[in-house]
Amino acid sequence: MSAARTTAPARAGAPARRLAPAGRSVRGLPPDLRVADQRRRLLAAFAAEVPRRGYDELSVEHVVRRAGVSRRTVYELFDGKADLFAAAHAEAFLSMRRLLRRAVRAAGAGASSWPDLVRAVLAALLDGATAAPDRALLLAAPSLVAGPHVGACHSRLRQAFGPCLRAAAPTGAPLSLPEAALGGLTEPIAGRILAGESDSLPALAPSLSTFLLACFPGPGASP
Amino acid sequence: LTAPLPREPGFPACFEAALARLRFAAESAYAEDDAATEPERLAAALRAVFEFASRNPSAAWLLTGGALAHGPYGNARYQELLGAAAGVLASLRAERPEAASLPAMTECALLGGLATLLARRLQAGAAEELQVLAPEAIEFVLTPYLGALEARRLAGE
């Protein structure tokens, strides 16, 4: 696995998907929409550029070039690289959370068994990551993209998923189990994306379900 | 070594030096007790990794979060490190029939979880927490292979 992940992302040179191509004029849009479009393009450019360079080596110039906006625009909308990261991570997180909440509702959380719920949520997560791998990587490999901001990223994930996982952990399980398991869950996902194999992410569902259910067999389980 | 060359020429030397020290600590702990079983040896090696990280936070950060933030070269070396560790961990699949049928990505996930625990404390400047955290981390890693009770027993030794 490690060898496959040593290459730069296969799509690293490609423009962000489903966005206006870099440099495309946004003239003609009302000012508020133009700002929203520039912001969206900057966040997408950041998510696409950071895996291939690493947070430390990424400059605002790299993002500007990919997004096709002026350097001045970046600083009108953000306070710099760290702020760009924070905004990109927050957007990716909110998007994934919306997607997972829909999956929980669709699975009928009250009526579903814990294993069925885990499988439904994982399937939705992997589909979402396949559709938007750059954004998924921001969540799955915050160490890669965030550098010094990794702590804040992990905290956000732990706060979102920790209580639910904690309730499903076996009696006497280590307190850090949700944190470790979330880290473990994201490692293979990040690996596939970095290897340019994001299309194969849904195939991870059975293995990841087994892994998660082994860590969290369900409410009231004993070791 | 298949990693692409980094832009910062000093990084590989620092990374390799840190890795050599970590390997020495882990391998020494692994080999210390001739009479120990394989799970006991691996538990000792994992304990040594956490002790190393708590005493050498800068080196440990370089091998985890720092490497990943460094771009393709750091990421590649990080993955090679995880891949080597996964090969060692996979020896535990022989411990129980249930362990033999674990999904192929199990080692990758377990080590990713371990790295998460380490990186977050190191990033937060809380390296002193790592030695306390070590038993929980060892239990997390050994449970799929040995079962929770045996993993907890070994983690607490």
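Reader: I'm new to this one, so which residues lie nearest the centre of the second largest pocket?

Author: In this predicted model, the second largest pocket has a lining of 28 residues, and those nearest its centre are A:Leu100, A:Val121, A:Leu125, A:Phe161 and A:Leu182.

Reader: And which elements give two or more residues to that lining?

Author: They belong to chain A, namely helix H4 (81-107), H5, helix H6 (133-140), helix H8 (150-167) and H9, and it is H5(A) that gives the most, with seven residues.

Reader: How do the lining residues divide into nonpolar, polar and charged?

Author: For the second largest pocket, 25 are nonpolar, one is polar and two are charged, and the volume of that pocket is about 660 Å³.

Reader: OK, what about the largest pocket, what volume does it have?

Author: The largest pocket has a volume of about 780 Å³, and of the 29 residues that line it, B:Leu22, B:Ala26, B:Val49, B:Leu81 and B:Ala85 lie nearest its centre.

Reader: Which element gives the most to its lining?

Author: That is H5(B), which gives nine residues to the lining of the largest pocket, a lining that divides into 24 nonpolar residues, one polar and four charged.

Reader: Changing topic, which residues of helix H10 in chain A are buried?

Author: Within H10 of chain A, which covers residues 205-215, the buried ones are A:Ala205, A:Leu208, A:Ser209, A:Phe211, A:Leu212, A:Leu213 and A:Cys215.

Reader: And what covers them?

Author: The cover over the buried residues of H10(A) includes helix H5 (114-131) and helix H9 (177-194) of chain A, along with helix H7 (106-123) and helix H8 (130-146) of chain B.

How values were computed
Residues are numbered from 1 along each chain as its sequence is written. Chains are lettered from A and ligands numbered from 1 in the order in which they are written. This is a predicted model: local features need pLDDT of at least 70, side-chain atom pairs count only at pLDDT 80 or more; totals for chains, interfaces and linings use all residues. Side-chain values use heavy atoms; hydrogens and water are left out. Buried means under 20% relative accessible area, exposed over 50%, partly exposed in between (1.4 Å probe, protein chains only). Helices (H or I, at least four residues) and strands (E, at least two) are DSSP runs, numbered from the N terminus. Contact means heavy atoms within 4.5 Å. On a 1 Å grid over the protein atoms alone, a cavity is a set of points where a 1.4 Å probe fits but cannot get out, and a pocket is an open set with protein on both sides within 12 Å along at least five of seven lines; lining residues have an atom within 4 Å of a point. Grid points are joined across faces, edges and corners, and a volume is the space filled by probe spheres set on the points. Ala, Val, Leu, Ile, Met, Phe, Trp, Tyr, Cys and Pro count as nonpolar, Asp, Glu, Lys and Arg as charged, and the others, Gly among them, as polar.
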